[in-house]
Amino acid sequence: MDMLVLGIGNRLMMDDGIGIYLTEILESENKQENCRYVAGETDVNYCLEQIKGDEFLVILDSSCLGREPCSVSVVPIAELFDRGDLSLSLHEDDLIQAIVKGKKLHKDAYSSDGILIGVEACVIDYGIGLSEQMKEKFSEIVLQVKNIIQKILSEI
């Protein structure tokens with residue numbers, strides 16, 4: 001099975017861009033032929049076009065789960081299909097909501113094989129680049145996310 005790592009977020013909103021920054025770093029270090037990286041940013045339609053039903057989907061995004069800033073959380077996508085409250089992400093037009101809605105309308109629209117890796121945001125405000133706190137933890141976050149992805153690749 002192949003894997004798609006899809007980074008979403010907005011670089012102009014500080015920590016909201018963490019998913020894109022992670023995707024770019026991980027893509028530059030990627031040695032796996034069965035893993036592709038896409039920086040989808042905030043374009044939900046583009047992201048949906050990239051998702052293939054036979055791939056394991058990893059979404060990298062900022063999160064607002066009320067956890068410690070810069071902490072990394074993993075939520076299975078299948079779990080999102082059963083949630084009433086989808087406020088995991090900070091985006092108005094949310095990719096996760098679009099996937100869930102598509103799945104409810106068309107059972108085979110999207111695979112439920114995948115995870116959301118959310119990094120708890122510190123600062124969401126107008127500005128280019130990550131907050132100072134996120135910058136300080138960035139290499140640690142990259143390592144955590146890389147380990148999660150490597151573990152999944154070894155299992156699929």
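Biologist: Which residue is the bridge partner of valine 74 in β5?
Modeller: That is isoleucine 117. Keep in mind that this is a predicted model.

Biologist: OK. In which sense do β4 and β5 pair, parallel or antiparallel?
Modeller: Antiparallel, over five bridges. With β3, on the other hand, β5 pairs in the parallel sense, over seven bridges. In that pairing aspartate 61 stands opposite glycine 118 of β5.

Biologist: What is the strand order in the sheet?
Modeller: The order is β2-β1-β3-β5-β4, in an open sheet of five strands with mixed pairing. The edges are β2, residues 35-41, and β4, residues 72-76; each has a single partner strand, so one side of each is left without a neighbour in the sheet. On average, neighbouring strands are turned by 20° against each other, ignoring direction.

Biologist: And how many bridges join β1 and β3?
Modeller: Six, in the parallel sense, between residues 2-8 of β1 and residues 55-63 of β3. Glycine 7 stands opposite leucine 60 of β3 there.

Biologist: Which strands does helix α5 touch?
Modeller: Helix α5, residues 132-155, packs on the sheet and touches β1, β2, β3, β4 and β5. Its direction makes about 170° with that of β5.

Biologist: Nice. Which residues of α5 are buried?
Modeller: Met134, Phe138, Ile141, Val142, Val145, Ile149, Ile152 and Leu153. What covers the buried residues of α5 includes α1 (18-29), along with β1, β2, β3, β4 and β5.

Biologist: Where does α5 bend?
Modeller: At phenylalanine 138, by about 55°.

Biologist: Is cysteine 70 buried or exposed?
Modeller: Buried, at 6% relative accessibility. Cysteine 122 is partly exposed, with a relative accessible area of 25%, while cysteine 47 is buried at 1%.

Biologist: Where is cysteine 70 found?
Modeller: In the loop between β3 and β4.

Biologist: And which residues is cysteine 70 in contact with, leaving aside its neighbours within four places in sequence?
Modeller: Val119, Glu120, Cys122, Gln133, Met134, Lys137 and Ile141. Met134 and Ile141 are among the buried residues of α5, and Val119 and Glu120 are buried residues of β5.

Biologist: How many residues apart along the chain are cysteine 70 and isoleucine 141?
Modeller: They are 71 residues apart along the chain, and their C-alpha atoms are separated by 7.5 Å.

Conventions
Residues numbered from 1 in each chain as written. Predicted model: local features only at pLDDT ≥ 70, side-chain atom pairs only at ≥ 80, totals over all residues. Heavy atoms only, no water. Pairing = 2+ DSSP bridges. Helix = DSSP H or I, 4+ residues; strand = E, 2+ residues; numbered from the N terminus. Axes fitted to C-alpha atoms, helices over the stretch in contact; angles between N-to-C directions. Contact = heavy atoms within 4.5 Å. Buried < 20%, exposed > 50% of the residue type's maximum accessible area, 1.4 Å probe, protein only. Bend = angle between axes of the 7 residues up to and from the residue.
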